[in-house]
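Trainee: Could you take me through one part of this model closely? I would like to hear about its salt bridges.

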Amino acid sequence: IILLTKMMLLGGLIFFIRSIQGKDLLEYNFIKRLMKSKLYPKILQIPTLIFFGFILYFFFFGPLSYAENPGSILAWTLWWPIVPLTFILLGRIWCLICPLPIIGDFIQKFAHPTRKPGKFLIKYGIWITDGIFIAITLFDRLYGMVDTPWLSGLIFLFILAGAIIISLRYERRTFCKHLCFLGGVAGNYSMLSSLTIESKDKSVCNTCHVKACYFGSAKADPCPYFNVIPTKQGMRNCTLCANCIKNCPHDNISFRVRAIASELWSHAKVSFSESFFAKLMVGIVIIQNLGMLAIWSGLQNTVMSWGVSEKIAITILYFTAIAIPLILMTLSSYISNKLQSTPHSTATNFAAFGYAFIPIDVAGHIAHNLFHLIAEGKSVLGAFIGLVTGRVTMEGSIASSSFITTLQYALIIIGSAGTLYVAYKIARAKEQSATKALKILLPHALLLFIIIAINVYLFALPMAHRGH
């Protein structure tokens with residue numbers, strides 16, 4: 001009954017989004033007044049900053065055990081599973097209220113940096129982001145960062161230091177756009193968003209000499225992500241800060257509802273680095289799932305029998321789990337490219353179809369962390385109480401294990417269907433006929449079924465709770 005209710009609510013949400021698709025939400029007076037208000041986005045940023053201040057405090061001064069630490073539970077059991085949902089529904093709005101750049105924004109009011117990100121950051125920033133993301137997730141595997149509150153706190157401070165240093169040297173949110181590992185995830189996931197900000201009439205923008213959307217005005221700061229509205233591409237680099245809405249002297253900005261995931265096949269520019277990040281996430285989600293299962297220790301012991309240490313064994317398993325999907329994806333791209341009417345290169349095919357794997361990435365991310373959110377759900381309530389008492393004294397699941405598994409399967413099915421649909425749309429854009437499109441789609445579809453089978457198998461196995 002609960003599952004049916006949730007599916008009905010999800011179906012109702014999708015129906016509602018479709019019913020208002022193409023609608024400019026700024027036509028609703030309440031939304032327009034909110035977006036143009038000086039209180040927005042401060043009304044979201046200040047509570048988040050205070051909330052994460054509590055979390056950081058408990059990372060260092062709370063109980064050493066994950067299961068008793070309010071900060072750890074609120075960060076990893078509550079926030080980490082929920083934040084991908086915000087990307088789907090509201091794009092990069094988390095990046096708008098994230099406490100790290102808020103501190104950087106505050107520092108910039110006094111430092112006034114004028115340096116813009118150069119060619120190196122623009123071209124290679126996302127590869128640095130990939131490396132940081134790999135390093136942090138591997139660090140968690142090796143040293144139990146998530147299960148160790150003070151280690152979580154150190155990583156948080158490390159990222160904060162990076163945000164402050166970059167904010168002192170470069171203007172606007174250069175760190176968030178080019179170097180933040182969560183920003184890389186947010187950018188890819190936000191391409192699923194059902195919201196978009198764009199110009200109403202590009203001819204008005206073309207004759208505008210003020211370009212207040214980029215340079216700012218007395219009403220609001222300039223776009224933190226260096227966007228010029230008429231040339232802005234999708235929502236990958238938009239946080240819904242509404243500065244452009246406030247600044248536009250012609251009131252020529254629209255805030256529209258679009259089809260979920262439509263940006264994945266309609267974007268004008270394909271980026272190999274963005275696609276690589278999307279495909280990289282497939283392996284990372286798999287290794288994160290493996291690390292919570294009993295078979296993980298067996299795999300670890302097998303590798304250690306080769307005469308290597310535990311940490312070396314974990315590192316080998318980690319990079320193997322990442323490398324195998326990437327190798328298979330390269331192979332499927334090679335075959336798909338050969339099947340095209342006009343072949344280009346394996347790299348071009350890899351880049352184009354990489355975006356299709358974002359829905360299964362999001363589904364796998366949510367499905368994995370959903371276990372913690374539901375199976376440890378009572379501890380979340382205990383964590384909120386613990387903000388006052390200093391310790392979490394509640395634990396337990398809020399639903400049966402069969403319900404959690406069913407929900408995980410449902411998410412994987414939805415994500416897989418999304419990936420197949422997006423891949424078909426990408427293939428259809430490459431070929432004139434549906435038959436030819438299905439032909440070049442086939443290698444990627446077969447690979448997707450392998451990924452589905454792996455995820456289904458992993459979610460069928462009993463997972464371990466955090467901190468136990």
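Mentor: Let us start with a network of salt bridges that links Lys32, Lys36 and Asp251. Keep in mind that the model is predicted. In general, side chains of opposite charge can pair when their charged atoms come close. A search of the whole structure turns up eleven salt bridges, so let me pick out a few others.

Take Arg391 and Glu68, whose closest N and O atoms are 2.5 Å apart in their salt bridge. Arg391 sits in the loop between α20 (377–389) and α21, while Glu68 sits in the loop between α3 (42–61) and α4 (70–90), so this pair ties together parts that lie 323 residues apart in sequence. Arg391 is partly exposed, at 40% relative accessibility, and Glu68 is partly exposed too, at 30%.

Next comes the salt bridge of Lys109 with Asp221, where the closest N and O atoms are 4.0 Å apart. This pair also links distant parts of the chain: Lys109 belongs to helix α6 (residues 99–111) and Asp221 to the loop between α12 (212–215) and α13 (243–247), 112 residues apart. Lys109 counts as partly exposed at 49% relative accessibility, and Asp221 likewise at 48%.

Now turn to Glu263 and Arg258, whose side chains meet in a salt bridge at 2.8 Å, N to O. Here Glu263 has a relative accessibility of 4%, so Glu263 counts as buried. Arg258, with a relative accessible area of 12%, is buried as well.

Terms used:
Residues are numbered from 1 along each chain as its sequence is written. This is a predicted model: local features need pLDDT of at least 70, side-chain atom pairs count only at pLDDT 80 or more; totals for chains, interfaces and linings use all residues. Side-chain values use heavy atoms; hydrogens and water are left out. Helices (H or I, at least four residues) and strands (E, at least two) are DSSP runs, numbered from the N terminus. Buried means under 20% relative accessible area, exposed over 50%, partly exposed in between (1.4 Å probe, protein chains only).
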